[in-house]
Amino acid sequence: MTKWVYSFGDGKAEGQASMRNLLGGKGANLAEMSNLGLPVPPGFTITTEVCTYYYQHGETYPAELADEVKAALEQVGGLTGRRFGDADKPLLVSVRSGARASMPGMMDTVLNLGLNDETVEAMAKDADDERFAYDSYRRFITMYSNVVLGVEHHAFEEALEHYKDGKGFSLDTDLKADDWKHLIGVYKKIVRDEHGSDFPQKPEDQLWGAIGAVFDSWMIPRAKKYRELNQIPESWGTAVNVQAMVFGNMGDTSATGVAFTRNPSTGESALYGEFLINAQGEDVVAGIRTPQDITEKARIEAKSDKPSMELAMPESFSELTRIYGVLEKHYRDMQDMEFTIERGKLWMLQTRNGKRTAKAALRIAVELAGEGLISKDEAILRIEPGALDQLLHPTIDPDAERKVIATGLPASPGAAVGEIVFNSEAAEAARKAERKCILVRIETSPEDIHGMHAAEGILTTRGGMTSHAAVVARGMGKPCVSGVGSIRIDYKAQTLTVGGVTLKAGEVITVDGSTGQVIQGEVKMLQPELSGDFAALMEWADAVRTMKVRTNADTPADARAARKFGAEGIGLCRTEHMFFEGDRIVAVREMILADDAEGRRAALAKLLPYQRQDFVELFTIMSGLPVTIRLLDPPLHEFLPHTDEEVQEVVAATGVSEDKIRHRTRELSEHNPMLGFRGCRLAIAFPEIAEMQARAIFEAAVQAAKDTGAPVTPEVMVPLVFTRMEFDIVKARIDCMAKAVTEETGASFEYQVGTMIELPRAALKAGEIAETAEFFSFGTNDLTQTALGISRDDAATFLGPYTQKGILAVDPFVSIDREGVGELVKIATERGRAQRPNIKLGICGEHGGDPSSIGFCQEVGLDYVSCSPFRVPIARLAAAQSALGKTE
């Protein structure tokens, strides 16, 4: 027969910590503390299975439940010397919800349940304190009416404030017993008027009303939304915890508080928390009274004149210190504890693993390993990889006031403040004048690279998490908020407008790329600090991971940042980003506008020294580590001028007529450039482009090896192939250039030629392509677009409904679509290795920095992942966790 109720108290329990799925987190930990012999008020837990039954059977209870609850209540009464509903020695209880995962926004706690017009008198007599009893009764009426009966809390607050004003009272503590008696009558009338019936007097009715309210709260909109956001299944259900009341409001020898075994902000190993003398738990969080510090050290640091618990209640403080040591050693983690002191006796009401900042999590994990409580492997698994973002970027001070005017997608983490600029030229001008700026665009393009580099942060009104702005910003380590559709930008007027607020160029805004918030004005920042704990954890992670971690880097600054963060090479260097700087764009445009191969070669000859020097710098910084360079990928029209002003600039720089420029622009324009004349198609149509780039790569490899003494083995990557023949045609030109450079320099060098697998057909034909390709790099950004038929720049408009309706579990551009895109990666991996067992396999799309996707890469057996520089530590940690067997 199913057991629906589990009791705890008096140093023993029917449950234990491992039963959190059945008893919920709170119930499991109450049982565990009881089994440890800690002072826990006796009580019982109604299991999560009752919640499941309740919704599967038309909101009714199992037939045996009432008898099990009655028996459990009698057992609690026996331990406390009281009886539920008794007129002389009434047992009062608290009722709390408790799911297996923490669920903020579930039903609030109900305290003092069992009080009525009769039992309140017994309570007053028993405590020899009439004021305490009626204060408890009015609290119960307020809580129960709000939580169970749905009467708004402010109705009671208004009545209380009105009464206090009439009597000239300023604090609740000014009210005497007779005052509370009068207000209880007022409160009952409010209940009758608002609810339509009298406040329940039978303790049994009160209890079952509260139990029902807990289960009902599982399906309220805010609980559903929280579950949706945190992937918590509805089927889990919630438990109900019923526990004998202990009172922190029985005078100056009583108190209530919350404590952490370590500081949740810094991770410092010291008791941390707050308490209030002569108060119930709600008073600590309600803000009506200022809580006091638990330790004397904290009181001195806070410059508080209120006594600490350490001095005011030394015996209870000593007992709490003992218990926190027991709990932390038992749970092997920092604990968040709730306690009450009733007439000098300390009672533990809850313990759970405490929430903490990334900085604190790092310190706690490393110190727990140092103390021998956990292993180094466990320390690695304790840290959420994505949380490291908090440590690598400036963040907004959590105490700072924010005037949020819009919210978009958190496209690149960190926060930045600066004046608004609407184009890249203005951004560069601001930087030269040493003024910080935020680049605000409808959307960015490769032409905005210099402006993005000059700006502190980027804001776009279009685009998703993997739009151009998002990808480039992450690579640069710049905060970015994208897809803020509520903002209207007027380039001509140089204004942005949202919700009635209009801001002009030069006005200051703050962007928070970690939350997606756009904030008016300047907000205080906190600068990142990389501690010794960070280095220690990374060292442990590197020792266990099996996948290498490379970086996507196009500039020396990117490469240096990535090396600082521990990158083991470059997995993707996008050469097109190098073409937009300074005089280079003029030469690129000359090449595009040339009438024949000879003219193109002449223009490309001007680019060769620039490209060669770019690669020399990257090879030198990487000092012998592998560097994968992708040949030119984007369509040529992206390099041509678009505005009349830009056209005139090109006319002046090249001497080419305006008509010819406009004709060539029309000739190269495409309806769908993402699937158009780009990638290897450029190298096949204009082989001289690939030849120039290959020559630059090999000459740079020779030069860098000579300068550093470290041999360079460049990896040349051909983009967007879907057949072996395409690859072979381009590879032949690359091999010719390698031979030519060897003959010209007399230097021998090794190199590899491989391809980017970013089209479904390439994945399916990977076996054939691997006959000549020496490595594959999965470009999962484009592979996701082509496999799902979704444009990443337009996906933001409909991906929300898709994830809400469960069509997609997550945004497939953020975390890899394992069933579709992942299957293509698996197929290509298997077929590629079957043909060439030693083929090098990696991933260089944005998924290379996503912890969940990194776990998939580990499962498939890739050799490395490559990600933006500021995600390298995240990838190192996620790769280590995957190697240790962590799954989603």
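Student: In which sense do strand β30 and strand β31 pair, and over how many bridges?
Tutor: Residues 775-778 (β30) and 840-843 (β31) pair in the parallel sense, over four bridges. Two strands pair if DSSP finds at least two bridges between them. Strands are DSSP runs of E with at least two residues, helices are runs of H or I with at least four, and both are numbered from the N terminus. This is a predicted model: local features need pLDDT of at least 70, side-chain atom pairs count only at pLDDT 80 or more, and totals for chains, interfaces and linings use all residues. Residues are numbered from 1 along each chain as its sequence is written, and side-chain values use heavy atoms, with hydrogens and water left out.

Student: What stands opposite F776 in β31?
Tutor: L841 does.

Student: Which helix lies across β30 and β31?
Tutor: Helix α33, residues 821-835, running at about 175 degrees to β30. Axes are lines fitted to C-alpha atoms, for helices over the stretch in contact (heavy atoms within 4.5 Å). Angles run from 0 to 180 degrees between N-to-C directions.

Student: What runs β25 to β32?
Tutor: A closed barrel of eight strands, with parallel pairing. Neighbouring strands in this sheet are turned by 25 degrees against each other on average, direction ignored.

Student: Changing topic: how many helices and strands are in the chain?
Tutor: The chain has 35 helices and 32 strands.

Student: What box do the C-alpha atoms fill?
Tutor: Roughly 105 × 60 × 55 Å, taken along the principal axes.
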